[in-house]
Amino acid sequence: MDKIFKYGADMLTVSKALAISRGTIKGILSEETRESVRKSSAIVDKIALSDKAVYGINTGFGPLCTEMISAEDTKKLQENILKSHAVGIGEPVAEEISKLMLVLKIQALAQGYSGIQEATLDRMIWHLENDIIPVVPKQGSVGASGDLAPLSHLFLPLIGLGKVHHEGEIKETGTLLNAHGLNPVALGAKEGLALINGTQFIAAHAVKVIERFHNLLATADLTAAMMLEGLLGSAKPFEQKLHLLRPYKGNQHVAAHIRSLLADSQIVVSHANCSRVQDPYSLRCIPQVHGASRNAWLHLKEMLEIEINAVTDNPVIFSEDFTVSGGNFHGQPMAMPLDYACLAASEIGNISDRRIYLSLEGTTPGVPKLLMKETGLNSGFMILQYTSAALASENKGLCFPASADSIPTSLGQEDHVSMGSISGRKALQVIENVEKILGIELFCAAQAMDFHAPLKPGKIINAIHEAVRKKVKHLEQDQIMYDIMETTIDMVKSGELLQIAKATAAAENLNYTTEFSTYFEEF
């Protein structure tokens with residue numbers, strides 16, 4: 001990956017946005033981009049001095065769009081819009097979300113259709129490079145003119161107001177600007193509107209959804225394969241010929257993954273001729289369920305790549321004689337796929353909980369009920385499934401699509417809103433819950449596999465099992481479980497399982513990629 005990214009000129013991806021926010025790629029403005037920005041800003045200055053009404057440049061905003069604003073008041077108007085629209089409440093979003101919002105906003109404004117000043121973009125980049133990151137509250141956006149409230153908070157520091165994250169603390173912006181010998185930015189015509197119209201709060205959440213959901217999906221295949229080994233599941237449902245008859249990309253990718261994970265498994269060979277005709281759905285239908293969620297992830301990724309390279313403010317400046325007041329800021333194109341992704345993530349948790357329950361039933365030869373030999377005095381792993389059930393149920397409540405709702409705002413001017421900010425926040429909350437469910441499945445699957453020793457699973461699953469056992473011992477009797485659960489949950493959240501899988505595949509010369517990996521492994 002290149003170490004330099006040219007805002008407004010280069011194609012932004014999820015991985016590049018994350019890299020810029022984490023400082024491993026440097027974002028710059030090329031001279032060509034700077035010239036384009038200067039031209040757009042000059043056009044806005046001319047319009048501001050003219051008698052022709054152009055929304056947001058020499059008029060008021062929203063329901064006040066018919067109110068003409070004098071040239072001398074246009075700059076005051078831009079500061080006022082930041083102040084009046086900074087109405088977010090609640091805890092701040094994660095600092096990384098704020099960083100991503102800055103990255104995405106710079107990319108949108110640098111394309112030269114927004115009338116932003118070059119100096120304003122430079123100050124935004126300064127905030128990123130000096131790790132002085134605006135504090136943005138979680139609640140307050142309806143995804144109408146994009147994310148008005150959170151973007152207002154994001155850019156209050158430009159005019160010396162608001163608060164920022166710095167060196168692990170939340171500080172007043174004015175104090176830090178003084179310490180660096182900087183004055184607030186003097187906003188020009190339209191700049192306030194350009195800054196707060198857009199979908200960068202929604203899109204920043206979607207970036208994190210893509211990253212964390214990707215790890216979740218890859219990890220779910222691994223924990224599912226472990227459970228297949230532990231519960232003596234059949235390998236036949238993953239046959240390539242079967243999935244060619246219903247050739248969804250996600251299904252085929254998952255089936256190929258599971259085939260590679262079960263390859264050379266002594267456990268699979270040991271029950272090849274057993275009398276069991278078929279497994280429960282939570283084992284047999286892994287490609288269909290995990291694959292459907294993979295397809296949802298792919299859809300969100302494709303939509304997001306368009307969004308983070310789009311111009312989403314309003315009005316859009318094409319020339320002095322051609323400006324368009326439209327609706328590119330509306331959050332609906334991201335709200336709906338985020339709701340879809342939220343449901344898709346929840347389903348990974350639902351089927352994982354079913355596998356956890358299945359592992360406790362005691363119907364697998366050699367695997368005792370409740371995953372412990374001596375029960376009665378010991379409850380074994382019984383209550384772990386209570387937790388996974390609680391998490392799965394909580395997710396079901398969170399799956400109601402935020403984009404199905406709309407409450408008119410702005411005195412009816414914004415009479416249909418997307419609620420996409422809620423879609424993004426809910427999706428991340430569901431993903432966090434599913435990470436915990438998969439951590440519980442990992443704990444149970446490792447315990448189930450122990451009962452088949454000395455038979456070995458496939459090499460990748462064996463490496464993961466050994467990694468678990470280095471941190472968590474096989475349990476023979478009841479003990480406090482939550483510390484152990486946190487350990488396996490951390491293994492899921494950190495991406496450790498996927499790293500082990502890739503490292504083992506490389507070391508053992510195993511093929512862990514599929515013909516669909518370019519769709520599902522790159523973002």
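Mentor: Two residues are in contact here when they have heavy atoms within 4.5 Å of each other. This is a predicted model, in which local features need pLDDT of at least 70 and side-chain atom pairs count only at pLDDT 80 or more, while totals for chains, interfaces and linings use all residues. Residues are numbered from 1 along each chain as its sequence is written, and side-chain values use heavy atoms, with hydrogens and water left out.

Trainee: Which residues does I170 contact once its neighbours within four places in sequence are left aside?

Mentor: I170 lies in strand β7, residues 169-172, strands being DSSP runs of E with at least two residues and helices runs of H or I with at least four, numbered from the N terminus. With those neighbours set aside, I170 touches P92, V135, K163, V164 and H165. I43, by comparison, is 127 residues away from I170 in sequence and 38 Å away in space, C-alpha to C-alpha.

Trainee: Why does I170 count as partly exposed?

Mentor: The relative accessibility of I170 is 47%, and the class covers what falls between buried (under 20%) and exposed (over 50%), with a 1.4 Å probe and protein chains only; I170 is therefore partly exposed.

Trainee: What makes α9 and α15 roughly parallel?

Mentor: Helix α9 (residues 200-230) and helix α15 (residues 332-360) pack at about 25 degrees, their axes 11 Å apart. Angles under 35 degrees count as roughly parallel and those over 145 as roughly antiparallel, so α9 and α15 belong to the roughly parallel class. Their contact joins residues including F213, L216 and L217 in α9 with others including L338, I348 and R355 in α15, and by class it has 16 nonpolar, 2 polar and 1 charged residues.

Trainee: How do you know whether α9 and α14 are roughly parallel or roughly antiparallel?

Mentor: The axes of α9 and helix α14 (residues 286-307) come within 10 Å and cross at roughly 160 degrees, which is over the 145 limit, and the two helices are therefore roughly antiparallel. The contact of α9 with α14 has 15 nonpolar, 3 polar and 4 charged residues.

Trainee: How does the span of α20 compare with the span expected at 1.5 Å a residue?

Mentor: Helix α20 (residues 496-507) has 12 residues and reaches 16 Å from its first C-alpha to its last, close to the 16 Å expected, the expected span being 1.5 Å times one less than the number of residues. Among the buried residues of α20 are L497, L498 and I500, and its buried residues pack against α9, α17 (420-450), α18 (459-471) and α19 (482-493). After α20 comes N509, with a positive phi near 55 degrees.

Terms used. Axes are lines fitted to C-alpha atoms, for helices over the stretch in contact, and angles run from 0 to 180 degrees between N-to-C directions. Angles under 35 degrees count as roughly parallel, over 145 as roughly antiparallel, 65 to 115 as roughly perpendicular and the rest as oblique. Ala, Val, Leu, Ile, Met, Phe, Trp, Tyr, Cys and Pro count as nonpolar, Asp, Glu, Lys and Arg as charged, and the others, Gly among them, as polar.
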